[in-house]
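This briefing treats selected packing features of one structure, grouped by topic.

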Amino acid sequence: MSESLLDAARGAVRMALGHGARESAAAVSRARHVELAWRDGRLETVTEATTRGLGLDLYVDGRFASLSTSDLRPEALDRFISEGVALTRTLSPDPHRRLPDPELYQGRADVDLELADPSYDGLDAGDRRRAAEEAEAAARSVPGAERIVSVSASVGDTAAERALVTSNGFEGTRQGTDFGVSAEVSVRDPDGRRPEDWDAANARFRSDLPPAAGIGRGAAERALSRIGSRKGESAVTAVAVDRRAAGRLVGALLAPLAASSLQQKRSFMEGRAGAAVGSEWLDVEDDPLVVRGLGSRLWDGEALAARRFPVFEKGVLRNFYVDCYYGRKLSMAPTTARVSNLSWRLGDAGQQALLARMGDGVLVTGFLGGNSNATTGDFSLGVQGFRVRAGRVAEPVGEMNASGNHLEFWKRLVAVGNDPYPYSALRTPTLVFEGVQLAGL
């Protein structure tokens, strides 16, 4: 199938040039997604969708347009491209719009990233249903299950392939699969509240998923642990952020690193390349070449060869996420437009040992609402979790708010766990901060 997508992309580029485009890039993709939703012993919904489409970049007389269509019939495509070229000619010129320098296509890694599970076609409806049933059964088997109000589970999978062709020499194809299972459980608190929590996992290969029963059990145990949650008191205290929750913080730190944000003056990281923006524990690399990584790729959306590069080194900002267009505007060398996988310099201890070292404080297990301002770095986030007393997890707490500024906050990072979260491309470990401002609401 990839060869037919590649032929379609080649044909689209030829048509674009034939209709007067100076340069063109065409991406043809096909994807199949199946999802099963289960709730309280019943099959709720099953959805299956197969999509196929073309994305086309046109560079015409110094002008640029990006178009898309799902109608790939030759006669429809010819008309679509002809009209697209005519439309592009009506737009304002932009001297920074052109295809990447072909040298940036060179040096593609010669490695099998194992992004497509060959067993995908063997998965059937029975497998998905059994996984959902197992998740619920396990959730309802944990101690305290009589307090459970509802259990829902979701099982989904995707198989996708893509071909990209540019008029200045790039051709590439890739295939990938994703598998996921999740569960959410709500429980009855004696005071009438109904706390809920979830667990989930996703992976490139089905065999890399944990058992669905473990996901269901984890969701139930997390929800039951919220019973009796009380309002946390205001304090400046040590805070440990659970690895699966830490992605919210890291995402807010990375967003201002986009070159588009720099150019539009919407980044608190502007002008800070080479400066310390965190403690020595903030040591992170962007690594697109992780085997079976959720963000892995041999080339990015612009066809640039994927390469590892440091983002932060011992707290010092080393690189931004720079695409070719905004790189030209800012006179910056391109890196890549988007995060792939993060690789952290890990510590020597897991979460339990880190809490023991922390002594007293709060373990944050989730962020609820709030905001982070990419221009100023100020943030205010609702949090829930547990009090930590003498190094041990104690009572559940909530109705708290964590606030600060990223440029100050990350300098308070004092420890990093050895436990990167495997079900996110950010792969965040447990993070421990000192002197965090928490306010009870």
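Leaving aside neighbours within four places in sequence, Trp-410 is in contact (heavy atoms within 4.5 Å) with Leu-249, Val-250, Leu-253, Val-277, Gly-278, Ser-279, Leu-282, Leu-431 and Phe-433. The model is predicted, so local features need pLDDT of at least 70 and side-chain atom pairs count only at pLDDT 80 or more, while totals for chains, interfaces and linings use all residues. Residues are numbered from 1 along each chain as its sequence is written, and side-chain values use heavy atoms, without hydrogens and water.

**Nonpolar cores**
- Met-269, Phe-312 and Trp-410 touch the most other members of the largest nonpolar core, which has 46 residues.
- Helix 5 (residues 246–254) gives this core its largest share, five residues.
- A second, separate core has 29 residues, among them Tyr-120, Ala-183, Ile-215 and Ile-227.
- A nonpolar core is a set of buried (under 20% relative accessible area) Ala, Val, Leu, Ile, Met, Phe, Trp, Tyr and Cys residues joined through side-chain atoms within 4.5 Å.

- Thr-365 is buried, its relative accessible area being 13%.
- Residues up to four places away in sequence not counted, Thr-365 touches Asp-242, Arg-244, Ala-245, Gln-384, Gly-385 and Phe-386.
- Between the C-alpha atoms of Thr-365 and Gln-384, 19 residues apart along the chain, the separation is 6.1 Å.

Notes
Buried means under 20% relative accessible area, exposed over 50%, partly exposed in between (1.4 Å probe, protein chains only). Helices (H or I, at least four residues) and strands (E, at least two) are DSSP runs, numbered from the N terminus.
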